[in-house]
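Please look over the sequence and the three-dimensional model below before reading on.

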Amino acid sequence: MSQSPAGTFAGDVSAAEAWDGLASEPQSMLIDVRTKAEWGYVGIVDLSALGKETLLVEWQSFPAMAVNADFAEVLAGELDRRGVGRETALYFLCRSGVRSLAAARAMAAEGFDRCFNIAGGFEGPLDEGRHRGSVDGWKAAGLPWVQS
């Protein structure tokens, strides 16, 4: 893949801000970079109310959790195949906002101009009872999601 001029890591946003951006920009995309196991057992974002689907591309693969060396190339190819321009807002999501931050920065380095990290992730940090999903993130914000 030819090297593109560097894009912009646009910063962290909350889950609610990501939802608003996805709702207001027809071309915007949500990319969930968690593992296949997380998608299957924990759940995924439901964008059907917006007429969209979540793009699922692993940043790391379970159980080894090695970073997918082809992540940027695979995602860029899929975005190109879908006609998503490099100026399109891309929102990256993982469990808590760490992997998605790395993924957003990687795609900015590939020349995508508006890469956002959903800082609270899908489940957010642990609460006082050591459970996720109630303190911050997509689930805690009450945004749509489904479980298989």
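Predicted model: local features only at pLDDT ≥ 70, side-chain atom pairs only at ≥ 80, totals over all residues.

## After helix α3

Which residue follows α3, and is its phi positive or negative? The residue is G83, and its phi is positive, near 75°.

## Helix α3 and its buried face

Helix α3 covers residues 71–81, and within it F71, A72, L75, A76, E78 and L79 are buried. When the helix is viewed down its axis, these buried residues fall within an arc of 165°, so they line one face of α3.

The buried residues of α3 pack against several other elements, namely the strands β2 (29–32), β4 (55–56) and β7 (89–93), together with helix α4 (99–109). F71 can be followed in detail: if neighbours within four places in sequence are left aside, F71 is in contact with V33, V57, E58, W59, F92, A103 and M107.

As a general rule, nonpolar side chains in soluble globular proteins tend to be buried together.

## The parallel sheet

In what order do the strands of the open sheet stand? The sheet has five strands in the order β1-β8-β7-β2-β4, with parallel pairing. Its edge strands are β1 (9–13) and β4, each of which pairs on one side only. Going through the pairs, β1 and β8 are joined in the parallel sense over four bridges, and G11 has F116 in β8 as its bridge partner. Four bridges also join β7 to β8, which run parallel, and here A89 stands opposite R114 in β8. Between β2 and β7 there are again four bridges in a parallel arrangement, with L30 having Y91 in β7 as its bridge partner.

Why can β7 be called largely enclosed by the rest of the structure? Five of the five residues of this strand are buried, so the strand is largely enclosed.

## The cysteines

How many disulfides does a search of the whole structure find? The search finds zero. C94 is in no disulfide, and the nearest cysteine sulfur, that of C115, is 15 Å away. C115 is likewise in no disulfide, with the sulfur of C94 as the nearest cysteine sulfur. C94 counts as buried because its relative accessibility is 1%, under the 20% limit, and C115 counts as buried because its value is 0%.

Q60 is found in strand β5 (residues 60–61), and it is buried, with a relative accessible area of 15%. A polar atom of the Q60 side chain lies 2.7 Å from the backbone oxygen of M65. Beyond residues up to four places away in sequence, Q60 touches V33, T35, M65, A66, V67, N68 and R99.

Two further residues, G133 and P144, are placed in the loop between β8 (114–118) and β9 (145–146). G133 counts as buried at 17% relative accessibility, whereas P144 is partly exposed, with a relative accessible area of 30%. Leaving aside neighbours within four places in sequence, G133 is in contact with E123, K139 and A140, while P144 touches W19, V45, D46 and W138. The C-alpha atoms of P144 and V45 are separated by 6.1 Å, although these residues are 99 residues apart along the chain. G133 and G83, by contrast, are 50 residues apart in sequence and 34 Å apart in space, C-alpha to C-alpha.

Terms used. Residues numbered from 1 in each chain as written. Heavy atoms only, no water. Helix = DSSP H or I, 4+ residues; strand = E, 2+ residues; numbered from the N terminus. Buried < 20%, exposed > 50% of the residue type's maximum accessible area, 1.4 Å probe, protein only. Polar contact = N/O pair within 3.5 Å; in protein donor to acceptor, adjacent residues only side chain to side chain. Contact = heavy atoms within 4.5 Å. Arc of directions from axis to C-beta. Disulfide = S-S within 2.5 Å. Pairing = 2+ DSSP bridges.
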